[in-house]
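Here are my notes on the model, as numbered points. Please read them with the structure open.

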Amino acid sequence: MPDPPMVIRAGQVERFDRGAGVVTLPYVGRWNAEGNRVTTGMTVFAPGTAIPLHTHNVEESVLVLEGEAAAVVGQDSFELEAGDATWVPAGVPHRFANRGQGPMRIYWVYGGREVTRTIVATGETVEHLSEADRGATRAE
């Protein structure tokens, strides 16, 4: 596998449509090889959209780049603005929703290379950003 490029541009990565107006750009792309210690990318939420309550097998850090987020991490709820960041330990249920009138853009980093997502409501576990990992909904 070739070394990753030094610069990754948004127009060069595959976009994952997660439904309901949520789109993810995984900047690690296909070169997320054994030597990488993180998985990273950006997700854009249309107004009124959310990712359902879920867990990961690795920790996650989230930085709000644009917009307003409603976050649930474990038993805590937060309102986040552009420039705010939070993190989620592995195995802790969490979700992010766009609570604003415009798009919400988050930058995320997972502390691992082989990331899974388990949807709390169903218990189903899938590989992160696989064809099975597309769920997004209108915010509750």
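1. Two bridges join β1 to strand β2 (residues 22–25), and the two run antiparallel. F16 has T24 in β2 as its bridge partner. Strands here are DSSP runs of E with at least two residues, and helices are runs of H or I with at least four residues, numbered from the N terminus. Two strands pair if DSSP finds at least two bridges between them.

2. A word on the source. This is a predicted model, in which local features need pLDDT of at least 70, side-chain atom pairs count only at pLDDT 80 or more, and totals for chains, interfaces and linings use all residues. Residues are numbered from 1 along each chain as its sequence is written, and side-chain values use heavy atoms, with hydrogens and water left out.

3. The loop between β1 and β2 holds A20. A20 is not a glycine, yet its phi is positive, at about 60 degrees. A20 counts as partly exposed because its relative accessibility is 32%. The cut-offs are under 20% relative accessible area for buried, over 50% for exposed and in between for partly exposed (1.4 Å probe, protein chains only).

4. L129 sits in the loop between β13 (125–127) and β14 (137–138). With a relative accessible area of 13%, L129 is buried.

5. Now the sheet. β1 and β2 belong to an open sheet of six strands, with the order β1-β2-β3-β11-β6-β9 and antiparallel pairing. Its edge strands are β1 (16–17) and β9, each of which pairs on one side only.

6. Which strands does β11 pair with? Strand β3 (residues 39–45) is joined to β11 by seven bridges, antiparallel. F45 stands opposite M104 in β11. β6 is joined to β11 by six bridges, again antiparallel. There E60 has Y110 of β11 as its bridge partner.

7. Strand β11 (residues 104–110) has two faces. M104, I106, W108 and Y110 make up the covered face. R105, Y107 and V109 make up the uncovered one.

8. L63 has A85 in β9 as its bridge partner. Side chains alternate along β9 (residues 85–88).

9. For the chain as a whole, the count is zero helices and 14 strands. Among contacts between residues at least 6 apart in sequence, 65% join residues at least 24 apart. Contact means heavy atoms within 4.5 Å.

10. Overall dimensions. The radius of gyration is 14 Å, which agrees with the value near 14 Å for a compact globule of 140 residues. That radius is taken over C-alpha atoms, and the globule rule is 2.2 Å times the number of residues to the power 0.38. The C-alpha trace spans about 45 × 30 × 25 Å along its principal axes.

11. Burial and surface. Buried residues make up 39% of the 140 residues. The accessible surface is about 7500 Å², and 53% of this belongs to carbon and sulfur atoms. Areas come from the Shrake-Rupley method with a 1.4 Å probe; for residues, only the protein chains shown count as cover.
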